[in-house]
Amino acid sequence: PEPLPFTDVNETDWFHDAVQYVYDNGLMDGVGGNRFAPNSETTRAQLVTILYRLEGEPEVSGTSGFSDVAAGIWYTDAVAWAAANGIVNGTTDTTFAPGDDITRQQLVTVLYRYAESKGYDVSASADLSGYPDAGQVQDYAQPAMAWAVAEGIVEGMDGNLNPTGDATRAQIATI
């Protein structure tokens, strides 16, 4: 692989190999100025764009139907594709909130729906009751969080699920 062009990712960083993979495979780019910004949050638009690239950027017809996703923006087709395939819902019936940071429970829900759309077995389910903050996982995200923990996609943070916490770019690359 080519050396990473990012000045903020070192070979000794725990996320180096993951960043190398997503960069080599065209799934994630830098944020400009030769930076990857591994500790920055990931937006909802960025996550669906990664999955859209993973799918080979298939042709999209129509729009996403979200009033806050304009035509011709870097994430427009990705959001339309994800909405059409049942991978994302909006934050309301008419809005997607593309610039909002994605929370851990939103992340696992999107990944769960993506896996489902690919026909993968998503029946694995962990008992979340051992986590002190399990009750903070919203109803819509419960099956996805139980699946993600069972599959080792997410692990607790200091013994907590941290469902409303943000997912960093380094964490997304690793996942």
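Over the ring of which residue does the charged end of Arg169 sit? The ring is that of Phe36, whose centre lies 4.4 Å away; a charge counts as over a ring if NZ of Lys or CZ of Arg is within 6 Å of the ring centre and within 35 degrees of the ring normal.

This is a predicted model, in which local features need pLDDT of at least 70, side-chain atom pairs count only at pLDDT 80 or more, and totals for chains, interfaces and linings use all residues. Residues are numbered from 1 along each chain as its sequence is written, and side-chain values use heavy atoms, with hydrogens and water left out. The mean pLDDT (the predictor's confidence in each residue, from 0 to 100) of the protein is 94, and 99% of its residues reach 70 or more.

Eight aromatic pairs are found in the whole structure. Rings of Phe, Tyr and Trp (its six-membered ring) pair if their centres lie within 6.5 Å; planes under 30 degrees apart count as stacked, over 60 as edge-to-face and the rest as tilted. Trp14 and Phe15 have ring centres 5.2 Å apart and planes at 85°, so this pair is edge-to-face. Trp14 is exposed, with a relative accessible area of 59%, whereas Phe15 is buried, at 6%; buried means under 20%, exposed over 50% and partly exposed in between (1.4 Å probe, protein chains only).

The rings of Phe66 and Phe96 have centres 5.5 Å apart and planes at 35°, so they form a tilted pair. This pair links distant parts of the chain, 30 residues apart, and both Phe66 and Phe96 are buried. Arg44 lies over the face of Phe96, at 4.4 Å from the ring centre.

Phe36 also belongs to a cluster, linked by ring pairs with Phe6 and Tyr23.

Conventions
Helices (H or I, at least four residues) and strands (E, at least two) are DSSP runs, numbered from the N terminus.
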